[in-house]
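Q: I would like to learn how to read a fold like this one, feature by feature. Could you take me through it, starting with the way helices pack?

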Amino acid sequence: MNEPGCEWTPPAQNANRAVMRRKTCCYYKHGRRSERTVALTFDDGPNPPRTEQILAILRDAGVKATFFVMGKWAERFPDTVRRMVAEGHLVGNHGYGGERQLGDADEAEAVIGHITGQPCHYLRAHCFNYAAFFNAEVTRLATSYVVDADVSGDDWKFEYNGWPVTTADEVVRNVLESPDLGPGSIIVLHDGSESSEACRRLLRPLPTIAALPRIIAGLRERGLEPVRVDQMHLDEPLEWKG
Ligand SMILES: [Zn+2]
């Protein structure tokens with residue numbers, strides 16, 4: 001469902017069962033098209049030292065972003081998650097291990113919340129596995145938002161040896177020349193990988209890191225300012241129909 005009038009009403013004003021039930025089966029691909037903000041989002045981390053390289057680029061550019069972290073990596077690299085928070089970025093829940101099973105998002109929430117001291121509120125299903133996601137307790141909370149994206153850097157593919165398929169130039173083009181890029185866009189990139197092979201996790205974000213300064217500059221040339229997903233007004237919820 002993609003109706004312009006299908007607006008989510010804040011739960012504080014409408015904390016009733018009908019609204020909550022509807023919210024748990026909705027997700028968002030973009031923010032308000034009338035506001036010239038976009039959201040840079042990074043999936044599958046934390047992944048030191050690649051995440052730290054991305055944090056340094058964001059800091060130099062004065063940009064706040066959203067990191068949808070995996071519980072298993074947050075558990076292993078909690079200092080990187082703490083640095084995300086300390087530097088003003090938003091940490092979202094991207095599931096624990098990426099397995100397509102119930103409980104994955106709830107397990108991640110427990111791990112991430114233990115590190116950051118607060119609930120995530122913003123979640124993104126790993127591999128778009130909304131079936132498991134919408135059955136999670138955490139997505140039933142009235143304060144939870146499930147966030148997809150309308151623009152992708154397509155920076156997630158591997159060669160057989162772990163080398164990333166997409167070049168930095170292609171990542172830049174995939175974002176800046178996307179027909180869907182515009183006010184309210186949510187852009188998905190990757191600072192890590194779900195893979196347990198360290199070489200994959202270390203190689204995969206390299207084109208993204210090289211592309212990021214050009215992506216930020218290109219967005220600003222288009223009058224689009226990157227913000228955290230909780231700093232934009234999410235709009236036009238889509239209903240998940242399993
Ligand atoms: Zn993922």
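A: The axes of helix α4 (residues 78-86) and helix α5 (residues 104-116) come within 9 Å of each other and cross at roughly 65°, where axes are lines fitted to C-alpha atoms, for helices over the stretch in contact, and angles run from 0 to 180 degrees between N-to-C directions. Helices (H or I, at least four residues) and strands (E, at least two) are DSSP runs, numbered from the N terminus. This is a predicted model, in which local features need pLDDT of at least 70 and side-chain atom pairs count only at pLDDT 80 or more, while totals for chains, interfaces and linings use all residues. Residues are numbered from 1 along each chain as its sequence is written.

Q: What is the handedness of the crossing of α4 and α5, and which residues make the contact?

A: A crossing is left-handed if the near helix is turned anticlockwise from the far one by less than a right angle, and right-handed if clockwise; α4 passes α5 in a right-handed crossing. Two residues are in contact if their C-beta atoms, placed from the backbone, lie within 7 Å, and here Pro 78, Val 81, Arg 82 and Val 85 of α4 meet Ile 112, Ile 115 and Thr 116 of α5. These residues divide into 5 nonpolar, 1 polar and 1 charged, with Ala, Val, Leu, Ile, Met, Phe, Trp, Tyr, Cys and Pro counted as nonpolar, Asp, Glu, Lys and Arg as charged, and the others, Gly among them, as polar.

Q: At what angle do α7 and α9 cross, and how do the residues of their contact divide?

A: The axes of α7 (residues 168-176) and α9 (residues 206-221) come within 8 Å and cross at roughly 35°, and this crossing is right-handed. Among the residues making the contact are Val 171, Val 172 and Val 175 of α7, together with Ala 210, Ala 211 and Ile 215 of α9. The contact of α7 with α9 comprises 9 nonpolar, 2 polar and 1 charged residues.

Q: Why is strand β3 described as largely enclosed?

A: A residue is buried if 20 or more other C-beta atoms lie within 10 Å of its own, exposed if 12 or fewer, and partly exposed in between, with C-beta atoms placed from the backbone. In β3 (residues 37-43), 6 of the 7 residues are buried, so the strand is largely enclosed by the rest of the structure. Across the 242 residues of the protein chain, 43% are buried.

Q: Which strands does β3 pair with, and how does the chain pass from β3 to β4?

A: Two strands pair if DSSP finds at least two bridges between them. β3 runs parallel to β9 (residues 186-190), with 5 bridges, and Asp 43 stands opposite His 190 there. β3 also runs parallel to β10 (residues 225-227) over 3 bridges, Ala 39 having Val 227 as its bridge partner. Another 3 bridges join β3 to β4 (residues 66-69), again in parallel, and Asp 43 stands opposite Phe 68 in β4. The chain crosses from β3 through α2 (residues 50-61) to β4 in a right-handed β-α-β crossover, a crossover being right-handed if, with the strands pointing away from the viewer, the path from the first strand over the helix to the second runs clockwise.

Q: Is Arg 59 buried or partly exposed?

A: Arg 59, found in helix α2, counts as partly exposed because it has 13 C-beta neighbours inside 10 Å.
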